[in-house]
Amino acid sequence: MGHSSVEAEETKETDIRSFSSSRHNQTPYIHKVGVPPKQDIFKEFKTTVKETFFADDPLRCFKDQPRSRKFVLGLQAIFPILEWGRSYNFAKFRGDLISGLTIASLCIPQDIGYSNLANLAPQYGLYSSFVPPLVYAFMGSSRDIAIGPVAVVSLLLGTLLRNEIDPTTNPHEYLRLAFTATFFAGITQATLGILRLGFLIDFLSHAAVVGFMGGAAITIALQQLKGFLGIKKFTKKADIISVMKSVWHSANHGWNWQTILIGATFLTFLLFAKYIGKKNKRLFWVPAIAPLVSVILSTFFVYITHAEKKGVAIVGHIEKGINPPSVKEIYFTGDYLLKGLRTGIVAGMIALTEAVAIGRTFASMKDYQLDGNKEMVALGAMNIVGSMTSCYVATGSFSRSAVNYMAGCQTAVSNIVMSAVVFLTLEFITPLFKYTPNAILAAIIISAVLGLIDYEAAILIWKIDKFDFVACMGAFFGVVFASVEIGLLIAVTISFAKILLQVTRPRTATLGRIPRTNVYRNSQQYPEATKVPGVLIVRVDSAIYFSNSNYIKERILRWLMDEEEQLKAAGLPKIQFLIVEMSPVTDIDTSGIHALEELLRSLKKRGVQLVLSNPGRVVIDKLHASNFPSQIGEDKIFLTVADAVLTCSLKLPEEV
């Protein structure tokens, strides 16, 4: 170990000596930094707008096409089914039929349970798996996503709406507000897609989403204890402390052992079915049909034993028939308009985030492109139509989409098949669910939401980025110990805080020369890198804007002061040149240029010369526009750090 360290020191000394001798024995060829020609302002603005809103160049296919062809392409852009439908065949339909029937068997019992999370009657969950999937099949661009109500959005919607109207005392007004929120959720989603503002949903970081989903899963599972244990008087609050207090206080007289027996038995069955599906991917259909099998068996058991007379709560009457129109139920005026708008925006954004994430996941697995903006328009359109046909907010379900994918779906026709099965259920089968125990719905929801607790992702987040982990845990604990809204607020706040921190406090680093090369790298990453006598090299790893310009200036000066203190303590000559490596600096604004000017003045007082290395096209253009090169000197701007160091070292006194 000692031998290797001595050898490294000798290599450094040799490298420094060879560099010092070479600097006087050769005349460097210096590459000048190119100054770009003046750009047309309108053209530059057009390019910026295009890259911001039309980065995928959606109009490329319309170029050099006749008007009739453009019309057809326009229709295909709105309704992708017109494009892939031309090559649809029986082989694809067979895959879609199997997957559609499979996800229908999963969605029917889930929908009845999820509607309870939203504080709505069971039929509204089924309505939301009938109309929205049909609309999405015509307008969506994902082949794998399965549409319908989902646990997290149902809980979020139910919680936000209950804060405005009590669903028990004012059920009709509550229902109207639910349709209003769904309408504005669709408007929000469609608007984001039409205006191509999909990048806004990316501001909610993956870590925050993982924490929020995990916390929501715990909250949803806790809410199911009412049905699972047969408790009649249960808290309306969602936080873990209130729920556990309610459970504990009802332990002596509020629990029903028959209900617990039914719930525990079928929850064990559902979890075992999931285990089988995970162990053998070819048996994916086992966990998919397990909920429906559980509903059939438990309903039959309650019917023949008349368990409802012994305190087992049942679903009761479910309205028969397909979706009635609800356009007149939506609040377009009055006090509830703004409440519905506010709730709809929040629910719509969460639903959108979940659906786009699911769609991208399966698109990457099948190696096809997913148009995020088209997805937003499709999701928005289906929720707008859904709000007018007695549906509440629908989106992509991860569990159903996974089953859809594994069942071999080929296109969005699987959603049409699922919708057809739900239609038949609404028309003919709903009376059979009358004796379905609430305990089985609670068991189905608990088994479904457990998959939302992604502890492996949380562990990975901890390993990669501790700040991300704080965002993850903040969202998780906010949902579990406070409420869904608080958890969501924490998730968004921490996500934005991270962005602000990275923008206002960018990384900087001092560079050293890799031995026997002309390559300069971060001294902390490469401890063997040697410092150049009399020269300090600092790299700025960010654009320089008003938000960080003052910090960058002060940080560079601190690097200089730290270096000078070390040199003074070692009795070595002071720094005479400060080189700022600007390769990572993608842009600079007026405040950034003022910061450079202030840095230049501070360095002059210290007897240190400022040198710039490799400013990019945008940066050098703005520097010349501000006349900064004439202040610093045209000969102080270099193409590479190596050129800058070599030139500066030639100007250093011999003793350095």
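F79 counts as partly exposed because its relative accessibility is 31%, where partly exposed lies between buried (under 20% relative accessible area) and exposed (over 50%), with a 1.4 Å probe and protein chains only. The model is predicted, so local features need pLDDT of at least 70 and side-chain atom pairs count only at pLDDT 80 or more, while totals for chains, interfaces and linings use all residues. Residues are numbered from 1 along each chain as its sequence is written, and side-chain values use heavy atoms, without hydrogens and water.

F79 is placed in the loop between α3 and α4 (81–84). Helices (H or I, at least four residues) and strands (E, at least two) are DSSP runs, numbered from the N terminus.

Attention now turns to charges and rings. A charge sits over a ring if NZ of Lys or CZ of Arg is within 6 Å of the ring centre and within 35 degrees of the ring normal. R176 lies over the face of Y331, 4.0 Å from the ring centre. Likewise, the charged end of K466 is found over the ring of W462, at 4.7 Å from its centre.

Strands pair if DSSP finds at least two bridges between them. β5 pairs with strand β3 (residues 508–513) in the antiparallel sense over three bridges, and T508 stands opposite V540. With strand β6 (residues 577–581), β5 pairs in the parallel sense over five bridges; here R539 stands opposite E581.
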